[in-house]
Amino acid sequence: MLAFQTIWISENFEKQLKDQALVQFRGISKSFDGAAYAVRDLNLSVERGEFFTLLGPSGSGKTTTLMLLAGFESPTTGEIFLDGKNIVGVPPYHRNIGVVFQHYALFPHLSVFENIAYPLRMRGVPRGELSSRVGKILEVVELDGLESRATSEISGGQAQRVALARALVFEPPVVLMDEPLGALDKRLRETLQEEIRRVHRELSTTVIYVTHDQSEALFLSDRIALFREGVVEQIDSPNGLYCSPKTSFAAGFIGENNSLEGKIVSGSNQVVQIKIHGSDQIVHVPICGAHRHGAEVTLCIRPEYITASPSQSESPQAHRENEVRGYVQSVTFHGDHWRYCTVISQQENQRITVPLREKLSVKEGEMLFLRWEISSGDGFVVD
Amino acid sequence: MKRRVSSYSFFSSSFGRLLLGLYSSLVLAYLLLPLMVIIPMGFSSGKYLTFPPPGFSVQYVQEVVHSPQWTSAIWNSITVGVAATVLSTLFGTMAAIGLVWGRFRGRLLLFGFFLLPLLVPVVVSATGLYLLFAKLGLLGTFLGMVLAHAMLGAPFVVMVVSATLTGYDRRLINAAFSLGAHPWGAFRTVTLPIIAPGVVSGALLSFMTSFDEVVVALFLSGSDYRTVPVLMFQGIRFELDPSIAAVGTLLLAVSLLAMITAELLRRRARR
C-alpha cells in the first residue's frame with residue numbers, strides 16, 4: 001500500500017513537472033532609472049517546445065524582457081523561473097540559455113567552426129564529441145563546408161546561420177532570439193524565417209523570439225505576446241491575435257486596420273449601435289468588455305473585410321451587414337490588389353483592398369458605399 | 001577589396017614625379033642620417049670616435065661584447081625593460097578597461113591623470129623620483145628602475161589600449177557569457193585576443209621608452225646600477241672611442257628585433 005502510494009505520488013510529481021511551463025515570469029518589473037518602467041508587472045509562461053514571440057514597437061519592453069531572461073539585466077522586482085527554478089541572481093553563464101543576437105555577435109578572431117565550438121569548449125566537451133556535434137549542427141543549418149572560413153568571409157545570411165548554430169549546439173532548453181533577421185534584406189529574411197521554423201521543428205527546441213515585424217511574428221509563432229509601453233496587451237495564437245484582438249492597439253498593430261470613432265447610441269450586450277462622429281451614420285458593432293450608453297468607441301475593421309460599390313445595396317441586410325457612405329480619396333495600385341483610400345464621415349484614410357480583377361469604376365472625389373458583416377468589426381471602448 | 005581611386009595630380013607628370021622623388025629621398029636621408037653616422041663608426045678600425053672611420057673592423061663590437069661593464073649594462077637594460085613592460089602593460093591595460101568601460105563621474109579627468117607622466121617634464125619626474133627613492137633606499141636598484149620606467153611606459157599602454165577598446169564590440173562579452181564563459185574565460189578567449197594588437201603595440205612602446213630612457217635612469221642609477229643609455233652618456237663624456245657607436249648599433253638591433261617580433265605577434269593575433 002505504501003509502495004503504491006509512493007509510486008502514485010512520484011508519478012504525480014513527474015506529471016506536474018511535465019505540465020509546468022518551461023519559462024515563467026512572475027510579477028517582473030524593470031526600471032533603469034527608478035522612475036520609468038521598461039517592463040511593468042509582467043506575467044507570462046512559455047511551454048516546452050513552443051515558439052513564443054515577444055512582439056511590439058521599439059521601446060515596448062520586449063528586448064528588455066529577453067535580456068532579463070538571458071541574465072544580462074536583473075529585474076527590479078519579481079521572479080523568473082526556468083524549469084521550475086528561480087533564476088533571478090544567477091549569472092548568464094550559469095543559465096544555459098542560447099542567445100542569438102541582433103547583429104550576430106560572432107567572434108571575429110575565430111573561424112566558423114571555432115565560433116560554433118565555443119560553447120562546447122567552455123563546457124569541456126572532449127575533442128571527438130565536439131567536432132561531431134559541430135558537424136551535425138552545421139548540417140542542420142546547412143553550412144557544411146564553410147567551417148574553416150573566417151567570419152569576415154561569409155555573408156550576412158550565413159553569419160546569421162552561424163549565430164543560430166552556436167546558440168543551438170550545446171542543446172540549451174530554450175533559445176532566445178533578439179530580432180535576428182533585422183539587419184537582412186527582405187528576401188533573405190523570408191528564406192531565414194523558413195529556416196528558423198524548420199530548425200525549430202527539427203530540434204523541437206523552445207524558442208523565445210523578439211521582433212517588431214508583425215508578419216514575421218504571425219508566420220513563425222505558436223503564440224505571441226503583444227507588448228506596449230512595458231505591458232503585455234494580449235497573449236494569443238497568431239490567428240487569435242489577428243481575428244480577435246482584445247484592444248484597439250492590438251487591432252491596429254497586427255495586420256492592417258481601419259479605425260472609426262463613434263459614440264454608443266443603443267444596443268444589447270454583445271452588439272451595440274454607434275453613431276459615427278462627423279455624420280449621422282449608424283453602424284452595428286460587436287463589443288467586448290463593460291460599456292455604457294454614450295461611451296466613446298473605436299470601431300476597427302480590416303480593409304479586406306470591406307466590400308464596396310458605387311451604388312447603394314438593393315437588398316439591404318441591416319441585421320447582418322453595415323453599409324456606410326464614403327468618398328474616394330485616392331486609388332493606388334499594389335501589384336496583386338487595388339487600394340482605395342476613403343473618407344467616411346470626415347474621418348480620413350479608411351482603406352479598402354480590392355483584388356486586381358475587381359477594380360471599381362470610381363474616381364477620386366466620387367461617392368462609394370462600403371459594406372461589411374457586423375461580426376467582422378471590433379469595437380473598443382475608449383478609456 | 002579596396003579599389004584604387006586614381007585622379008590627376010601634378011605628381012603624375014614626369015617632372016612632378018622627379019621633384020617628388022627628390023623630396024622624398026631628402027626626407028628619408030634626413031631620417032636615416034644619424035644611423036648612417038653611427039653604424040659605420042661602430043665598425044671602425046680607428047682609435048677615436050671620428051667620422052668617416054679610417055677602416056672596417058669588428059674589434060669594438062667584440063670589445064663591447066667582452067667588456068663586463070657593457071654586458072652588465074645591456075643585461076640591466078633588457079631586464080629592466082622587460083619587467084617595466086610587464087608591469088606597465090598589465091596595469092595600463094587594466095586601467096584602460098576601467099576608463100573605457102566604466103561609467104562613473106570624473107572618468108575623463110582620471111583619464112588625463114593617467115597620461116600625466118607624458119606631460120610632466122621628465123627632469124621633474126626624475127627629480128621627484130630621486131628624492132623619493134633616496135628616502136626608500138631604492139636608488140641604484142633594479143626595483144627602483146623598474147618602477148620608474150613602468151610609470152613612464154604606462155601612459156602609452158593606456159592610450160593605445162583605450163583606442164583599441166573603443167572599437168571593441170562589448171556585446172561579444174554578453175555572447176560569450178550566454179555560451180557559458182565565465183568573466184575571466186570571456187576575457188581570456190574573446191576580449192584579449194581581439195584587443196591583442198593594441199596591447200602588443202602598447203607593450204612595445206613601453207619597452208622602447210624604458211630601453212632608451214636616459215634622464216630618469218641617470219638620476220636613479222647611483223654608482224653601480226647602470227643601463228646602456230646611462231653608460232653611453234657617461235662614456236661619451238670621458239672616453240671617445242668607437243665602442244659607443246658599437247653599442248649604439250647593438251641598441252638599434254635590439255629595437256628592430258623588438259619591433260619585428262611585435263609586428264609578427266600582431267599579425268598572428270589578427271588571424
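## Two helices packing in chain B

In this predicted model, helix H8 of chain B (residues 171-178) packs against helix H9 of chain B (residues 183-211). Their axes sit 9 Å apart, at an angle of about 140°. Angles over 145 degrees would count as roughly antiparallel, so with its actual angle H8(B) ends up oblique to H9(B). As for handedness, H8(B) makes a right-handed crossing with H9(B).

Who does the touching? On the H8(B) side, it's B:Leu172, B:Ile173, B:Ala176 and B:Phe177. H9(B) answers with B:Pro183, B:Ala186, B:Val190, B:Thr191 and B:Ile194. Sort the residues in this contact by class and you get eight nonpolar, one polar and no charged.

## A buried serine in chain A

Now over to chain A, where A:Ser221 lies in the loop that links helix H7 (214-220) to strand S9 (223-228). Is this serine buried or exposed? Its relative accessibility is 9%, and the cut-off for buried is under 20%, so A:Ser221 counts as buried.

## What the serine touches

The side chain of A:Ser221 has a couple of polar partners to look at. One is the side chain of A:Thr53, joined to that of A:Ser221 by a polar contact of 2.5 Å. Another is the backbone oxygen of A:Ala217, which the A:Ser221 side chain reaches at 2.5 Å.

Set aside the neighbours within four places in sequence, and A:Ser221 is in contact with A:Phe51, A:Thr53 and A:Pro238. A:Thr53 therefore turns up both in this contact list and as a side-chain polar partner within the 3.5 Å limit.

How values were computed:
Residues numbered from 1 in each chain as written. Chains lettered and ligands numbered in written order. Predicted model: local features only at pLDDT ≥ 70, side-chain atom pairs only at ≥ 80, totals over all residues. Heavy atoms only, no water. Axes fitted to C-alpha atoms, helices over the stretch in contact; angles between N-to-C directions. Helix = DSSP H or I, 4+ residues; strand = E, 2+ residues; numbered from the N terminus. Parallel < 35°, antiparallel > 145°, perpendicular 65-115°, else oblique. Left-handed = near helix turned anticlockwise from the far one by under 90°. Contact = heavy atoms within 4.5 Å. Nonpolar A, V, L, I, M, F, W, Y, C, P; charged D, E, K, R; others polar. Buried < 20%, exposed > 50% of the residue type's maximum accessible area, 1.4 Å probe, protein only. Polar contact = N/O pair within 3.5 Å; in protein donor to acceptor, adjacent residues only side chain to side chain.
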